[in-house]
Structures are given as C-alpha cells and as structure tokens.
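Please look over the sequence and the structure shown here, and then read the report on charged side-chain pairs and on one helix.

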Amino acid sequence: MKTLRKIVKISGLLTVLLACFVGLVLTQSNNQAMAAKNRGKQTLVVYFSYKRNSDGKPLSVGNTARVAQDIQKKTGADTYEIKAARPYTGSYQHVVDQAQREENRRARPAIAGSLPNVKKYKTVFVGGPIWWGEYPMVVYTFMDRVNLNHKTLIPFTTSEGSGLGNTSAALKHKYPQARVRRGFTAVGNTVKNHPNAVARRVNAWLDGLGY
Ligand SMILES: Cc1cc2nc3c(=O)[nH]c(=O)nc-3n(C[C@H](O)[C@H](O)[C@H](O)COP(=O)(O)O)c2cc1C
C-alpha cells in the first residue's frame, strides 16, 4: 500500500514537471514566432530588377524580384521596388551599353516616383542584380538618397557567377554605422529554372538570421 502511494506521488510529480516543460517550450516557440512577426513589421525589402535574362530574353518576373518576393513571403516585410526614371529598354546589348556608360561615369540615374519612409524600419534588405561586380548605379542613387545608418542591412543579389560581388562592402562603406549581416545570392538562371529550390534556400538563410 505504502509503495503504491509512493508510485502515485512520484508519477503525479512527473506529470507536473512534464506539463511545466511543455508549457515552457510552447511559450518559447510562441515568443520566437511573435519576435519574428514583429521583426517582419520593422523590415523593408528594397530591390531593383531589370527583368531580362542574361540570354537577353524578357522575364515576367525578374530574378532579383523573385528572390525579393521569397524574402517578403517568409518575413512579412514591406517591399519597395527601385524603378529607374529612364527605364532600361531596347535590346539587351543596348541596355548593357547604357549600363556600362553609367558605370564608367559612376552615374546616379534618377529614380521614378517617391522614396519609401525608411525611418520606420530597423532592418532593410537591399537587393539587385550584379552588374559588373556590384549593384547597378540606380541602387547607388537610392543609397545616396536615404540614410540607412544605425539599421541592420542585408544584401541579396542574383548574378551569373559574381555572387554577392562587392555589395556587402558597398553597404558598409556607405553606412559605416549600420550593421551589415550575411547576404544571399543565387544564380539568375537557377532562379528562373528552379524557383522552388531557390525559395527553400532563401528560407533556410532567413531561418539562420532568426526569421
Ligand atoms: C548590364 C549587365 C551587367 C551584368 N554584369 C554581371 C556581372 O558582372 N556578373 C555576373 O555574374 N552577372 C552579370 N549580369 C547578369 C545579371 O546579374 C543576372 O542575369 C541577374 O540574375 C539579373 O537579375 P534581374 O532579372 O533581377 O535583373 C549582368 C547583366 C546585365 C544586364
């Protein structure tokens, strides 16, 4: 009888401990989900995307735009697309020539429309295709016109082999008081041909950043 009472007591105690443990785990994962949601609200995804593949064929959604959409889906962030006032049109070669001239002059092509109010965001993802190893000049126009110091900045790019290029360094240089975190890059053709695989990579990267 005594032994039975002991067993009942111990199992009661174990049940209470288990309930506490489960409660703790649930609270923690709930807190993490809430934190990620809040981060999403304070996050902006800025990107430029030219919507034409390296073979010159037009794309319905640009490669970088697609990655921007993946980031938005996972984080719930706001998005802002940088659009050049003088759009990049005509043949692929024409665009390459125009972009090359801008690059050579370190031009600052005008942006169409208004700029976002970046004051309300703590984190800004800054994305673009890689043009000659760096962000297109119109992204520099954006960077010149908004102050992203004291924010967390995260580059993302698509390219045909240059990876992130010098984008992390460019952000650090432009905003010395910002915290620049590990960026994401994908090959443009892979984004086009295997969007789901790229989306999974984007999600894994964002998990690593705490989203
Ligand atoms: C003007 C121009 C310059 C480019 N320069 C590079 C480069 O230096 N390195 C590279 O890997 N890809 C380069 N590319 C390829 C693009 O980065 C790649 O196709 C990208 O995925 C396009 O993304 P988007 O559809 O968002 O514009 C260049 C493309 C263009 C149009």
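## Glutamate 134 and arginine 106

The side chains of glutamate 134 and arginine 106 form a salt bridge, with 2.8 Å from N to O (a side-chain nitrogen of Lys or Arg within 4 Å of a carboxyl oxygen of Asp or Glu). Because glutamate 134 lies in the loop between β3 (123-129) and α4 (137-145) and arginine 106 in the loop between α3 (92-105) and β3, the pair ties together parts that are 28 residues apart in sequence. Helices (H or I, at least four residues) and strands (E, at least two) are DSSP runs, numbered from the N terminus.

Glutamate 134 counts as buried at 7% relative accessibility, while arginine 106, at 38%, counts as partly exposed; buried means under 20% relative accessible area, exposed over 50%, and partly exposed in between (1.4 Å probe, protein chains only). Glu103, Arg106 and Glu134 are linked in a network of salt bridges.

## Basis of the model

This is a predicted model, in which local features need pLDDT of at least 70 and side-chain atom pairs count only at pLDDT 80 or more, whereas totals for chains, interfaces and linings use all residues. Residues are numbered from 1 along each chain as its sequence is written, and side-chain values use heavy atoms, with hydrogens and water left out.

## Lysine 74 and helix α2

Lysine 74 forms a salt bridge with aspartate 207, the closest N and O atoms being 2.7 Å apart. Lysine 74 lies in helix α2 and aspartate 207 in helix α7 (residues 195-208), so this pair ties together parts that are 133 residues apart in sequence. Helix α2 is followed by glycine 76, whose phi is positive, near 75 degrees.
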